Amino acid sequence: MTPETNGPTTPSPARIRFALLALAMGGFGIGATEFVAMGLLPDMAADLLPGLSAESTDAANAAAGWIISAYALGVVVGAPTIAAAAARWPRKRLLLALLAAFSLGTIASALLPTFELVVAARFVAALPHGAYFGIASLVAASLMGPGKRARGVALVLSGLTIANVVGVPLITWLGQQAGWRIAYLAVAAIFVATFLAVAIAVPWQPGDAAATMKRELRIFTRAQAWFALAIGAIGFGGLFSVYSYVAPLATEVTGLPTGAVPYVLVVFGLGMTIGNLVGGRLADWSVRRSMYLFFAALAGALVLLGVTAEHPLGLGAGVFLVGASAAALSPTIQARLMDVARDSQSIAAALNHSALNIGNSLGAIFGGMVIAAGLGYVAPVWVGLILTIAGILLAVGTFALDRARRRRGIPLPSVTGALGAIGD
């Protein structure tokens, strides 16, 4: 019999390490498939929109931003839908189904001939994104054992941050040399390898037998949950208004050669990796103070980038600090969402990715609009600052509501309790 029909067994330490590596590989693939378009956007625009590109490179790059927005919208739709509908599935079976969908969607993105079909393929390829991170985090936490749940979640997410340091720059370079379609086929190969690794290494685990669609969807009845989602959706747009158009920013404003774009992405990725680690630690100290601190840091980083982007050192420092401060916000927003989700923990883990990818979409759309209006490639940086300020105002609003409830004697859930429920 297969492990799934036999039921759970105690895996060996070697198999646990292999299983955790397999789960992190999935995060690596997701980071690659989501962010590689940022570095290859001009190449994709020239290939998929040749007529518009011949008339105006700026207009073609702005229109190609819909490739990024389509992926982000796919995450928004797929994360809560799959998380709520498939919570009872055995976890390994669900992970394999999600990885198969990633593989097929990414292959379709590489092979379909027209701009419209590629946009549709990016939407479909994004549907498993949030559910994968949610389920893989649960499996990793279970494999690592009691008292190590947070480390399990961080391990899965580390695949995404490492992708921004290594995978995205390398695949961007490959795409510049061999074509963007080859780059997406390389990403698909990562998902196929992850599918095989998960099939071999990850042990059987049951789904959540008590999960119901009604219980999970209860999160949408809570005002504070909407505040948390809005903070991620709007405030995080500041990162993606820059990241979406970092390639033309580097080449058209800073004057760097196309071959330098992968190095700019490495700097961005290093900032995100460090910021994610710092943000996770400080969120345990205080979610409220950390959110204010990192939003202020993101606003300052955007101002720095906006006024110094013409200089290579200014570009490097700006993208590093934007990546670091925005990535530090991610675990802080996740902690806040889990804080207010109560018993809707499964869908909350997925919804965080929906919220952040709404920010992805908004940043790409609004950034593209100001470029198309002829305001130049620095203009998306100022769009990002506006979105960041809106995120700060939302944060002020959500914590003011906390204070009002505290004055009325209504108890507030703890971050520790919320995170602890992830592994239950």
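Phe236 is buried, at 6% relative accessibility, where buried means under 20% relative accessible area, exposed over 50% and partly exposed in between, computed with a 1.4 Å probe and protein chains only. Phe240 is likewise buried, with a relative accessible area of 3%. The model is a predicted one, in which local features need pLDDT of at least 70, side-chain atom pairs count only at pLDDT 80 or more, and totals for chains, interfaces and linings use all residues. Residues are numbered from 1 along each chain as its sequence is written, and side-chain values use heavy atoms, with hydrogens and water left out.

The aromatic contacts come next. A pair of aromatic rings is described by the distance of the centres and the angle of the planes. Here, rings of Phe, Tyr and Trp (its six-membered ring) pair if their centres lie within 6.5 Å; planes under 30 degrees apart count as stacked, over 60 as edge-to-face and the rest as tilted. Tyr132 is buried at 0% relative accessibility, and Phe133 is buried at 2%. The rings of Phe236 and Phe240 have centres 5.8 Å apart and planes at 55°, so this pair is tilted. Ring pairs also place Phe236 and Phe240 in a cluster with Phe35, Tyr243 and Phe268.

Side chains of opposite charge can pair when their charged atoms come close. A salt bridge is defined as a side-chain nitrogen of Lys or Arg within 4 Å of a carboxyl oxygen of Asp or Glu, and by this rule the count is one. Arg181 and Asp47 form the salt bridge, with their closest N and O atoms 3.6 Å apart. Arg181 belongs to helix H9 and Asp47 to helix H2, so the pair ties together parts that are 134 residues apart in sequence. Helices (H or I, at least four residues) and strands (E, at least two) are DSSP runs, numbered from the N terminus. Both partners are partly exposed: Arg181 has a relative accessible area of 24%, and Asp47 has one of 40%.

Patches are made of residues with over 30% relative accessible area and no salt bridge; like charges are joined within 9 Å, and nonpolar side chains (Val, Leu, Ile, Met, Phe, Trp, Tyr) within 5 Å. Accessible areas come from the Shrake-Rupley method with a 1.4 Å probe, and for residues only the protein chains shown count as cover. Phe18, Leu21, Val192, Leu196 and Ile200 make a nonpolar patch of about 470 Å². Helix H2 (13-48) and helix H9 (180-201) are the elements that give two or more residues to this patch, and H9 gives the most, with three. Leu196, located in helix H9, is partly exposed at 48% relative accessibility.

A positive surface patch is formed by Arg288, Arg289, Arg403, Arg406 and Arg407. Lys and Arg count as positive and Asp and Glu as negative, while His and the chain ends are not counted; the place of a charge is taken as NZ of Lys, CZ of Arg, CG of Asp or CD of Glu. Helix H15 (287-308) and helix H18 (379-407) each supply at least two residues of the positive patch, with H18 giving the most, at three. Arg403 lies in helix H18 and is partly exposed, with a relative accessible area of 38%.

Helix H16 (residues 312-341) contains Ser330, which is buried at 18% relative accessibility. The C-alpha atoms of Ser330 and Asn276 are separated by 7.1 Å, although these residues are 54 apart along the chain. Val322 is also placed in helix H16 and is buried at 0% relative accessibility. Between Val322 and Gly275, which are 47 residues apart along the chain, the C-alpha separation is 9.5 Å.
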